[in-house]
Amino acid sequence: MRGRKLGPVIHRSPMPGLGLSMGITLTMLSLVVLLPIGALLLKGAHFGLEGIWETVNRERVWKALFLSFRLSLFAALFNLVFGVLLAWVLVRYRFPGRRILDAAVDLPFALPTAVAGIALTALYAPRGAFGQLAAEIGWKIAYTQWGIFIALIFVGLPCVARTVQPVIEEIEREVEEASATLGASRLHTIRHVILPMLMPAALTGFALALARAVGEYGSVIFIAGNIPLVTEIAPLLIIIQLEEFNYDAAAAIGIAMLLISFIMLLIINLIQVWSRRRIGYV
């Protein structure tokens, strides 16, 4: 016993091992993400590239795709700015009603999209509370692209605010005080100290808001007006094709949306990588 060597002590983790964790992860990823996308691509392959192009290469489809992605991008940019400001106010300041405002941020997540669309239409219709005020200055909101824009802002704002909020909570106030002590102005502190720390999370929230807006249907369909070539969104075109039992055309439009979304998200991810490397460099 005196010369016996003891083996290494093995510390077992209470969490599942790599094999079990990887198996569960790949299974859920396949069921939720890969299989639906694979089924869509398989349907498109059965339709053929020529058939996909023939379906997509129509003025009505191009107009709908351009409208959906253009307004989704603008709404995501709007939410990027005001979502960060909202998260900053909720974290940094204490004021009456702050908890109520903090809870209200999650309302777009909790409300069914159809209910949100009906509520927005009631507010911004020509006889609605805000619609009447807009009509007095000659501005129509509901049943126009402005109505779609407002609906996309409504559904996407929590994506940015809730993504950035935990990061702001981790930023110590001493960082801002140290910057001020060194003679930096508030604008310099925001640009060179705060924003670089928030950029990765803000871009993640921007990507989530953009993805949510591109595929949004329920909250937009009531306020859009659905006029072909004017206020008709791409998801509505897919629903129309499905109602006509034209599954090949619906898959073709879906593949076009998938390709455009993939390119946009790839660009956002590349910007995220660049921003992280820049923070590390600084």
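This is a predicted model: local features need pLDDT of at least 70, side-chain atom pairs count only at pLDDT 80 or more; totals for chains, interfaces and linings use all residues.

Guide: On the helix 8 side, the residues are Leu152, Val155, Gly156, Cys159, Val160, Thr163, Val164, Val167 and Ile168. They meet Met197, Leu198, Ala201, Ala202, Thr204, Gly205, Phe206, Leu208, Ala209, Arg212 and Ala213 of helix 10. By class, this contact holds 15 nonpolar residues, 4 polar and 1 charged.

Now the geometry. Helix 8 covers residues 145-170, and helix 10 covers residues 186-214. Their axes lie 8 Å apart. The packing angle is about 155°. Angles over 145 degrees count as roughly antiparallel, so helix 8 is roughly antiparallel to helix 10. The crossing of these two helices is right-handed.

Next, bring in a residue from another helix. Asn79 sits in helix 3, which spans residues 59-92. Is Asn79 buried or exposed? Its relative accessibility is 1%. Buried means under 20%, so Asn79 counts as buried. Leave aside residues up to four places away in sequence, and Asn79 touches Val84, Leu152, Ile153, Gly156, Leu157, Val160 and Ala209.

Helix 2 is made of residues 49-56. The axes of helix 2 and helix 3 come within 7 Å. They cross at roughly 80°. That angle makes helix 2 roughly perpendicular to helix 3. From helix 2, Trp53, Thr55 and Val56 take part. From helix 3, the partners are Val61, Trp62 and Leu65. This contact counts 5 nonpolar residues, 1 polar and no charged ones.

Two loop residues deserve a stop. As background, most residues other than glycine have a negative phi. Tyr143 has a positive phi, near 65°. Where is Tyr143? It lies in the loop between helix 7 (129-136) and helix 8. At 32% relative accessibility, Tyr143 counts as partly exposed. Leu229 also has a positive phi, near 70°. Leu229 is in the loop between helix 11 (218-224) and helix 12 (234-243). Its relative accessible area is 41%, and Leu229 is partly exposed.

Finally, step back to the whole chain. The protein chain has 13 helices and 0 strands. Its radius of gyration is 24 Å. The globule rule gives 19 Å for 282 residues. The chain value is well over that, so the chain is more spread out than a compact globule. Along the principal axes, the C-alpha atoms fill a box of roughly 85 × 55 × 35 Å. Buried residues make up 37% of the 282 residues. Take contacts between residues at least 6 apart in sequence: 75% of them join residues at least 24 apart.

Technical notes:
Residues are numbered from 1 along each chain as its sequence is written. Side-chain values use heavy atoms; hydrogens and water are left out. Helices (H or I, at least four residues) and strands (E, at least two) are DSSP runs, numbered from the N terminus. Buried means under 20% relative accessible area, exposed over 50%, partly exposed in between (1.4 Å probe, protein chains only). Contact means heavy atoms within 4.5 Å. Axes are lines fitted to C-alpha atoms, for helices over the stretch in contact, and angles run from 0 to 180 degrees between N-to-C directions. Angles under 35 degrees count as roughly parallel, over 145 as roughly antiparallel, 65 to 115 as roughly perpendicular and the rest as oblique. A crossing is left-handed if the near helix is turned anticlockwise from the far one by less than a right angle, and right-handed if clockwise. Ala, Val, Leu, Ile, Met, Phe, Trp, Tyr, Cys and Pro count as nonpolar, Asp, Glu, Lys and Arg as charged, and the others, Gly among them, as polar. The radius of gyration is taken over C-alpha atoms; the globule rule is 2.2 Å times the number of residues to the power 0.38.
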